[in-house]
Amino acid sequence: MTRFTRGAGLLAIAGAVAAPAARAQDARAAVAGEWRAALDLAGGELRFRLQLDGAEGVLCNAGTCQPFSAVTGVPGAADSVVLDMADYAAAIRARVLGDSLVGFYRNVGNRGPRTIPFRASRGTWPAEPPSAALIGTWDATFNPLERPSPRVIELRATERGLEGTIISNSGDYGVFWGDAAEGSFDMAHFDGSFVYMLTGTLDGDTLRGTFHAGLRTQTPFVAVRSTGRPHLTPPTEVVRADTTGPFTFAFPSVDGTMVSSDDPRFRDKVVIVEIFGTWCPTCHESAPAMVALYERYRDRGLEIVGMAYEVTGDSAVDGAIVRRYRDKFGITFPLLLAGVNDGTSAGETQPQLAGPIAFPTTIFLDRTGRVRKVHAGFYGPATGTAHEALLRDFRETVEGLLAEGR
Amino acid sequence: MRFPALILLLPTVAVAQAPPELAAERADFARWLQTAPGSPFAAIYHQPFADDLVFGPGGEPGLEGLPSATLSQGLLRLSLESADGSRGVPRNRDVSLGAEWRLRVTGDRGRSVVTVFGPVREPKIPGWYAYDSTVVVEGTLEPPPKRASRRMLGLDGVEVEGSHAGTWVGHVADQDVRLTVYRMPEPGTAEADLMIFFRDATNGRGTYPAGRFLALRPQGGNRYRADFNRARNPFCAYNGIFPCPAQWPGNAIDSAVEAGERYLSP
């Protein structure tokens, strides 16, 4: 079944029940439950799941769910509900039409607001076993005719259906979810901020398709089966670091105290500096890895410090968001408010780094405070073996630096 | 009888006929223009950035009234020095300059633009022609003869590397038209619209003299929909601080496309 077929079905349902809206004091009671939701992009239907319960709710993409910052009614519109995503300065606003929700997803860019039609009906999307023909690793070239750039596409079969990701020089695009049948596939990633979809069809030995971003952007790609030879430039070669002196920093923590590289807690320690943002999906995937490293090596002399680049630049607003992030992952190392985020790999956000900085970027300092290694980006669990290899590399790096002595 | 004639000359801001989706989009855009901290109406400064920019007394003309600070392009990064210390400045995102002032650095290194925002000043409700279903046109995109890209101004006055995506061929306002299309990235995102910057017979007679932008919507294959009801002004139409893009050669429609955003002159 294609996405368009599914979409037509859902629209028919919405149209058939468009008469009496749920008339409650507050639409939140009427929307409680599980929803199969979709954004209508120019290139097809991007599917995700919603679970709503009063003032709370989560948005789910593949096996990963994240909470809305608030679920509210709308004063003067008893049939409307707003699903707020404060971390991303975005929201879904929808009307209850019988047993459907119809509305818009909205975020704000530098050129004005961007809206994408949204709809949902009750229930869950079926998990269909994906066709085996496309499963595996593909070396892709995006935009081959106008401006070629390399990517790797991973497609995997799971109990939830097709899952996978796209990997660029600086990291992956998070977990995608969808299905694959008869030589074609579609899968999507929507976390409240990034609106991505990948569709493709097998043409002989070549995979041809389109990467969709936002409402209208469509970037063509071609891909061939990976031969195992490197197709991407390793992230560690993308970022250069100044290693002539100790890496220094001084920023306020989310608790309001100043934290500096001169503080006693970092003296003679191996230190990991993690540059992140709560708005960055890949950072949500690297956070558990940082927590695990800290638990494993803290007693042997590892310290970690997270530097958050947030959305507003207002310490009260950003501090609250980062504290929520800290609590979500059970982070016990300090998190600092380092600035306003870039959102891309193009930021020049640290004094002793050069090159495009990805979110997250992980910087390893030896016991003298000098940069010994920089890893831009993070291979999340969606990348499978690349994820495992990266975690192993992080552990070996930390153990090597700890073993250097003082 | 002068009174009825005057009524005919008033700008039409009819949005009632527009489909609900377009009406909501227009209302959202109007609200953003009038209230958003990053609205073009809030911009007080928009200039190419070289190495240093000084805010506050004795600083850059136009920025003397801001809190004292210096924006610098160092060897490795952009930084902002102020009484609160030094901090890194990311690109494409707004940074607070204290009080009501915000700073945004856009574009690549060596070709950066600094925009400074204050309170939204004298915002105008944008005007639109009445919705016209006949200018929602599906056409084809002919690929370019060879790969080409060039630096060009986006609708926000920021220079980007646009890649030539081809020629859109369709029938608009009783005329067969061929319009050049560039894929123009939106800095800080993975998005890149297929854009047309066009002129038509309404320019200076209801619409902005420099022309208007239109983003194509893919319809599958090489089919692309141009909805001229969604033609929008470059930021220079709202605020003279923003530079206007140069006309794209050949992108002139002889007839009047009375659809999309109008120009309500100051």
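At 21% relative accessibility, A:K373 counts as partly exposed. In this predicted model, the side chain of A:K373 forms a salt bridge with that of A:D393, at 2.5 Å from N to O. The two residues are 20 positions apart and link distant parts of the chain, with A:D393 in helix α4 (residues 385–402) and A:K373 in strand β27 (residues 371–376), both of chain A. A:D393 is likewise partly exposed, at 26% relative accessibility.

The fold of chain A can be taken next. Its secondary structure amounts to four helices and 27 strands. Of the 406 residues in chain A, 57% count as buried. Among contacts in chain A with a separation of 6 or more, 58% are between residues 24 or more positions apart.

One of the helices, α2 of chain A, covers residues 281–297. From its first C-alpha to its last, this 17-residue helix reaches 25 Å, close to the 24 Å expected at 1.5 Å a residue. Helix α2(A) is mostly covered, with 13 of its 17 residues buried.

For a view at the level of one residue, consider A:T165, which is located in strand β12 (residues 161–168) of chain A. Its relative accessible area is 0%, so A:T165 counts as buried. A polar atom of the A:T165 side chain lies 2.6 Å from the backbone oxygen of A:G174. Leaving aside residues up to four places away in sequence, A:T165 touches several others, including A:V152, A:I153 and A:E154, A:D172 and A:Y173, and also A:A382 and A:T383.

The remaining part of the picture is the interface between the two chains. The size of an interface is often given as the accessible area lost when the parts come together. For chain A and chain B the buried area is about 3900 Å², and carbon and sulfur atoms give 46% of it. Chain A brings 41 residues to the contact and chain B brings 44 residues.

Polar contact across this interface is found for 14 residue pairs, both members being at pLDDT 80 or more. On the chain A side, at least two residues each come from β1 (33–41), β8 (100–109), β9 (112–122), β18 (217–225) and β25 (353–354). Strand β9(A) supplies the largest share of that side, five residues. Sorted by class, the side of chain A that touches chain B has 18 nonpolar, 14 polar and nine charged residues.

Side chains of opposite charge can pair when their charged atoms come close. Across the interface of chain A and chain B the rule finds seven salt bridges. One of the cross-chain pairs is A:R111 with B:D156, whose side chains meet at 3.2 Å, N to O. A:R111 lies in the loop between β8 and β9 of chain A, and B:D156 in the loop between β10 (149–153) and β11 (159–172) of chain B, so the pair joins two chains. Both A:R111 and B:D156 are buried.

Another salt bridge has the side chains of B:E191 and A:R114 meeting at 3.4 Å, N to O. This pair also crosses between chains, from the loop between β12 (175–185) and β13 (192–198) of chain B, where B:E191 lies, to strand β9 of chain A, which holds A:R114. With a relative accessibility of 22%, A:R114 counts as partly exposed.

Technical notes
Residues are numbered from 1 along each chain as its sequence is written. Chains are lettered from A and ligands numbered from 1 in the order in which they are written. This is a predicted model: local features need pLDDT of at least 70, side-chain atom pairs count only at pLDDT 80 or more; totals for chains, interfaces and linings use all residues. Side-chain values use heavy atoms; hydrogens and water are left out. Contact means heavy atoms within 4.5 Å. Buried area is the accessible area (1.4 Å probe) that two parts lose on being put together, summed over both. A salt bridge is a side-chain nitrogen of Lys or Arg within 4 Å of a carboxyl oxygen of Asp or Glu. A polar contact is a pair of N or O atoms within 3.5 Å; within protein, one must be able to donate a hydrogen and the other to accept it, and residues adjacent in sequence count only if both atoms are side-chain atoms. Ala, Val, Leu, Ile, Met, Phe, Trp, Tyr, Cys and Pro count as nonpolar, Asp, Glu, Lys and Arg as charged, and the others, Gly among them, as polar. The expected span of a helix is 1.5 Å times one less than its number of residues. Buried means under 20% relative accessible area, exposed over 50%, partly exposed in between (1.4 Å probe, protein chains only).
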